[in-house]
Amino acid sequence: MNQEIEIEFKNLLTEEEYKNLRNAYFTAEEAPFSQTNHYFDTPDFLLKQHGSALRIRKKKDRFVLTLKQPLESGLLETHQTLTSDQADAALTISILPSGDVLEQIQKTLEVQQTSFAYLGSLSTDRLEKEVDGGLLVLDKSTYVNVTDYELEFECAEESAGKKAFFSLLEKHGIKEKQTISKIHRFYEQLHKL
């Protein structure tokens, strides 16, 4: 089973803070790459109730189905590569293929269905750079008529990563903001419609 533990810290940014960080860490020639997250849940939002998220990420011509589940420290991610036909079926008729992700949903969340509601998409232009303590990620995301800017800091060890993240915020005069995940920001905007 293809699984990993993701430890990351995040902070929403103003457009100006985003531009300042971009200029500080990236050259003008370094262009962001694009990816789109397509979100799913059961019709009665059972995954959300478990604090979990289900998405298909399209990056270039590659599709990956991912289940994210909360852990005491970080998130457990279960990944499954999809063919373009499998991704198309999920997006058009909301049927997910069998494999590691469905098995994980059924085993750990006790959700037995294979049909999920397609909720919509979130597109991100992303820049990444290895820095002291982890991976600095700058995201510009568009979803449900909203554009936002976010700093993510991915690390291998929580306490050292947290220290490096807050040092980075302080160095650039950025105030810490309580920042919920992209899927939860997506949910909030979806419910405003």
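Author: Phe9, Phe153, Phe165 and Phe166 form one aromatic cluster. This is a predicted model, in which local features need pLDDT of at least 70 and side-chain atom pairs count only at pLDDT 80 or more, while totals for chains, interfaces and linings use all residues. Residues are numbered from 1 along each chain as its sequence is written, and side-chain values use heavy atoms, without hydrogens and water.

Reader: Why is the pair of phenylalanine 153 and phenylalanine 165 called tilted?

Author: Rings of Phe, Tyr and Trp (its six-membered ring) pair if their centres lie within 6.5 Å; planes under 30 degrees apart are stacked, over 60 edge-to-face, and the rest tilted.

Reader: What makes phenylalanine 153 count as buried or exposed?

Author: Buried means under 20% relative accessible area, exposed over 50%, and partly exposed in between (1.4 Å probe, protein chains only). Phenylalanine 153 has 0% relative accessibility and therefore counts as buried; phenylalanine 165, at 2%, is buried as well.

Reader: Which kind of aromatic pair do phenylalanine 45 and tyrosine 187 form?

Author: Their centres are 5.8 Å apart with 80° between the planes, so the pair is edge-to-face. Phenylalanine 45 is partly exposed because its relative accessibility is 23%, whereas tyrosine 187, at 2%, is buried.

Reader: How do you know that lysine 48 lies over the face of tyrosine 187?

Author: A charge sits over a ring if NZ of Lys or CZ of Arg is within 6 Å of the ring centre and within 35 degrees of the ring normal. Lysine 48 lies over the face of tyrosine 187, at 4.8 Å from the ring centre.
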